[in-house]
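User: I would like to learn how to read contacts between side chains. Could you take me through them one step at a time?

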Amino acid sequence: MLFQITLRKKATALISLLAAAAIALTPFSAAHAQAKGPPVLRDTETEQLLREYTRPILRVAGLEKQNIQMVIVNEGSFNAFVADGRRIFVNYGAILQSETPNQIIGVLAHETGHLAGGHLSKLREQLANAQTQMIIAMLLGAGAMAVGSTRGSGSAGNNGLANAGAAALAGPQEMIRRTLLSYQRQQEENADRAGVKFLTATQQSPRGMYETFKRFTSESLFAARGADPYLQSHPMPAERVASLQEFASASPYWDKKDDPALQLRHDMVRAKISAFMERPETVYRRYPLTNDSMPARYARAISTYLHGDLRSALTQIDALIQVQPNNAYFYEVRGQALLEGGKPAEAIPALRKAVALSNNAPLIEMLLGQALVGSDNKAYTDDAVRILRAAVAREPEAVLGYMQLAMAYGRKGDYAEADLASAQAAYLRGDNKTARELATRAKTRFAVGTPGWVKADDIVASKPPRN
């Protein structure tokens with residue numbers, strides 16, 4: 001599992017009223033509302049499973065050809081959301097807390113409902129309309145206050161006119177806010193219904209969606225007690241869950257269970273997330289030594305290598321490989337353990353096997369490229385360049401790939417390509433100053449008009465996104 005900050009362009013700042021309404025559909029935590037966007041986790045095994053979960057749903061929703069991407073957010077809370085019409089964001093906590101595939105699939109179906117319903121673009125229209133209404137209200141209110149002040153500040157009548165202007169500002173503001181939130185509540189209900197429709201069309205149970213929302217109802221009730229339902233961006237929990245149960249339980253697939261093989265894969269991914277993201281004592285509470293299941297052994301093996309006992313970890317991983325000799329991700333973990341344990345040359349065979357078994361997964365190719373570069377064996381340099389170029393071609397936003405590619409080109413003495421790859425890595429990190437400096441130097445090394453020169457020139461000419 002790789003940790004990487006992916007770049008997100010800054011959204012245009014709206015006034016706080018409108019921004020608060022938008023948060024309901026794209027609920028980033030305050031710490032992640034940055035120009036660079038939310039920190040995300042990259043892991044081939046987890047992403048592949050999520051793609052398989054969403055593929056049939058996207059197909060029946062008519063979105064199969066839209067290249068919708070799954071993004072795993074580095075947040076332990078249970079959450080999933082759509083933000084730009086091209087990606088479904090899922091907190092790792094949502095996967096970890098979903099006990100069955102059907103539970104997380106239900107959440108993904110709900111988010112697909114938002115995409116299929118065009119809710120993001122419609123919300124933007126609502127926000128634009130609301131902003132226009134706010135501007136008009138502010139101008140009218142400001143005009144009334146200005147009239148009151150120019151007629152003199154001493155009379156009660158003039159004070160009343162100024163107060164009326166202030167009321168003209170506050171009244172429409174509250175009305176617009178309620179209208180926006182009511183509109184979003186309706187979108188949530190529509191997404192629930194669409195999700196159930198997609199699940200039924202793909203012969204999957206909507207029970208998982210219902211179970212997930214019901215589980216959070218009791219947690220929400222205390223916080224929502226006494227709250228004004230018209231100020232809730234989502235429907236009041238009890239009402240929403242009752243409505244969902246009514247139409248979800250009518251599905252002919254309500255009682256359908258998850259396939260045991262899929263459940264095992266789901267449990268393996270949850271174990272992996274736990275091992276990488278939780279403290280070792282938490283991992284061992286979840287997966288004690290008395291638990292001899294494959295997920296438990298997987299979690300303990302990863303946790304063991306992460307916390308310094310490489311020899312024991314390799315023994316545990318090799319035992320897993322004996323049980324499933326064609327599991328690409330066991331070889332990936334073995335190679336990653338050796339690589340991070342300072343043994344890049346020893347990591348190469350395992351990572352080559354992982355690449356082959358995973359059908360050349362680009363993130364695993366990047367680990368292999370890193371091992372080849374880190375081995376200090378110049379005989380591997382051309383191989384590293386070839387593998388890393390293929391990887392970044394399919395994962396053009398992966399900083400690690402460009403960083404390792406720059407090192408590989410440096411080993412070859414190809415400083416033009418090394419500068420360009422370094423510039424691309426800096427650009428993806430959001431370090432535009434360094435990116436332009438490196439790209440400027442790369443341009444002097446390339447012949448004018450060549451592909452490398454053009455790429456470097458694009459970086460030099462790029463402008464950082466505006467606030």
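User: Which residue forms a salt bridge with Glu 47, and how far apart are the closest N and O atoms?

Analyst: Please keep in mind that this is a predicted model. The partner of Glu 47 is Arg 42, and the closest N and O atoms of this salt bridge are 2.5 Å apart. Glu 47 and Arg 42 are both buried, and the count of salt bridges comes to 23.

User: Which parts of the chain does the salt bridge between Lys 272 and Glu 332 tie together?

Analyst: Lys 272 and Glu 332 form a salt bridge whose closest N and O atoms are 3.7 Å apart. Because Lys 272 lies in helix α9 and Glu 332 in helix α13, the pair ties together parts that are 60 residues apart in sequence. Both Lys 272 and Glu 332 are buried.

User: How is a pair of aromatic rings described?

Analyst: In general, one gives the distance of the centres and the angle of the planes. The count here comes to 4 aromatic pairs. The ring centres of Phe 81 and Phe 89 are 5.1 Å apart with the planes at 5°, so this pair is stacked; Phe 81 and Phe 89 are both buried.

User: Why is the pair of Phe 276 and Tyr 305 edge-to-face?

Analyst: The planes of Phe 276 and Tyr 305 stand at 80°, with the ring centres 6.5 Å apart, so the pair is edge-to-face. Since Phe 276 lies in helix α9 and Tyr 305 in helix α11, this pair ties together parts that are 29 residues apart in sequence.

Terms used
Residues are numbered from 1 along each chain as its sequence is written. This is a predicted model: local features need pLDDT of at least 70, side-chain atom pairs count only at pLDDT 80 or more; totals for chains, interfaces and linings use all residues. Side-chain values use heavy atoms; hydrogens and water are left out. Rings of Phe, Tyr and Trp (its six-membered ring) pair if their centres lie within 6.5 Å; planes under 30 degrees apart count as stacked, over 60 as edge-to-face and the rest as tilted. Buried means under 20% relative accessible area, exposed over 50%, partly exposed in between (1.4 Å probe, protein chains only). Helices (H or I, at least four residues) and strands (E, at least two) are DSSP runs, numbered from the N terminus. A salt bridge is a side-chain nitrogen of Lys or Arg within 4 Å of a carboxyl oxygen of Asp or Glu.
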